[in-house]
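Please read it alongside the sequence and the coordinates.

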Amino acid sequence: MSEQGSGTGTEDSVDRHIARWRGKVPFDVPTEEVITRIQLLAKHVQRAKERALSETGLQPFEFETLHRLASRGAPWRAAPSELAAELLLSPAGVTGRLDTLENSGLVRRLRAADDRRRVDVELTEEGRARWLAAMRLRGLAEVAMLEPFAPAETAALAALLKRMLLHVET
């Protein structure tokens, strides 16, 4: 068994990937180990998020829209145009989402008190409860992924990943 990368003496799927490709294509082993593990971990995170949404009965687009509203704090309200801009959707696209969410009782449309032409979208109690349930389940899945680490290791990993992200973002 390879001890590459993990330092635990246990072979993972990336160790097998490296062994399969070694000598067939040119690559830097440490770089391939890091990047491939990041890619696989991102897939695991995505699957955990999908399971959390499935358990709460939310579709990804529903969660994302509720998430944008919840990020505003009480009264969890925004104009449809603001949501469209944040979600990178056309006005028609956000209208379709809001229709679905309103029909499910997760949001409601309200006329603005100061300008009756303006409509705001607001999370309902049911919408907020479903969003919170999804957030809780997602959080549990994320914490479980970090279970192998001591708090100091988690902090060190966070710092290393931040340094890497800052490097590619600038």
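In what follows, angles under 35 degrees count as roughly parallel, those over 145 as roughly antiparallel, those from 65 to 115 as roughly perpendicular, and the rest as oblique. Helices (H or I, at least four residues) and strands (E, at least two) are DSSP runs numbered from the N terminus, while axes are lines fitted to C-alpha atoms, for helices over the stretch in contact, with angles running from 0 to 180 degrees between N-to-C directions.

This is a predicted model, in which local features need pLDDT of at least 70 and side-chain atom pairs count only at pLDDT 80 or more, whereas totals for chains, interfaces and linings use all residues. Residues are numbered from 1 along each chain as its sequence is written, and side-chain values use heavy atoms, with hydrogens and water left out.

The pLDDT, which is the predictor's confidence in each residue on a scale from 0 to 100, has a mean of 91 for the protein, and 95% of the residues reach 70 or more. Over residues 1-6, however, the pLDDT is below 50, and this stretch has 17 contacts in the model beyond near neighbours in sequence, a contact meaning heavy atoms within 4.5 Å.

**Packing around helix H3**

The table lists helix pairs that include H3 (residues 60-70).

| Helix pair | Angle between axes | Axis separation |
|---|---|---|
| H3 and H5 (residues 91-103) | about 90° | 10 Å apart |
| H3 and H6 (residues 125-145) | roughly 100° | within 10 Å |
| H3 and H4 (residues 80-87) | about 115° | 11 Å apart |

With an angle of about 90°, H3 and H5 are therefore roughly perpendicular to each other. Their contact is made by Phe61, Glu62, Glu64, Thr65 and Leu66 of H3 together with Arg97, Leu98, Thr100 and Leu101 of H5. By class, this contact of H3 with H5 has four nonpolar, two polar and three charged residues, where Ala, Val, Leu, Ile, Met, Phe, Trp, Tyr, Cys and Pro count as nonpolar, Asp, Glu, Lys and Arg as charged, and the others, Gly among them, as polar.

The axes of H3 and H6 cross at roughly 100°, which makes H3 roughly perpendicular to H6. Here Phe63, Leu66, His67 and Ala70 of H3 touch Gly127, Trp131, Ala134, Met135 and Arg138 of H6, and the contact has six nonpolar, two polar and one charged residues.

In the pairing of H3 with H4, Glu64, Thr65, Arg68 and Leu69 of H3 meet Leu83, Glu86 and Leu87 of H4. The residues of this contact divide into three nonpolar, one polar and three charged.

Most residues other than glycine have a negative phi, and most peptide bonds are trans. In the loop between H3 and S1, which holds Pro75 and Trp76, the peptide bond from Ala74 to Pro75 is cis, with omega near 10°, and Trp76 has a positive phi of about 55° although it is not a glycine.

An open sheet of three strands has the order S1-S3-S2 with antiparallel pairing, two strands being paired if DSSP finds at least two bridges between them. Its edge strands, S1 (77-78) and S2 (107-111), each pair on one side only. Two bridges join S1 to S3 (residues 119-123), and Ala78 has Val121 as its bridge partner in S3. H5 packs on this sheet, touching S2 and S3, and its direction makes about 110° with that of S2.
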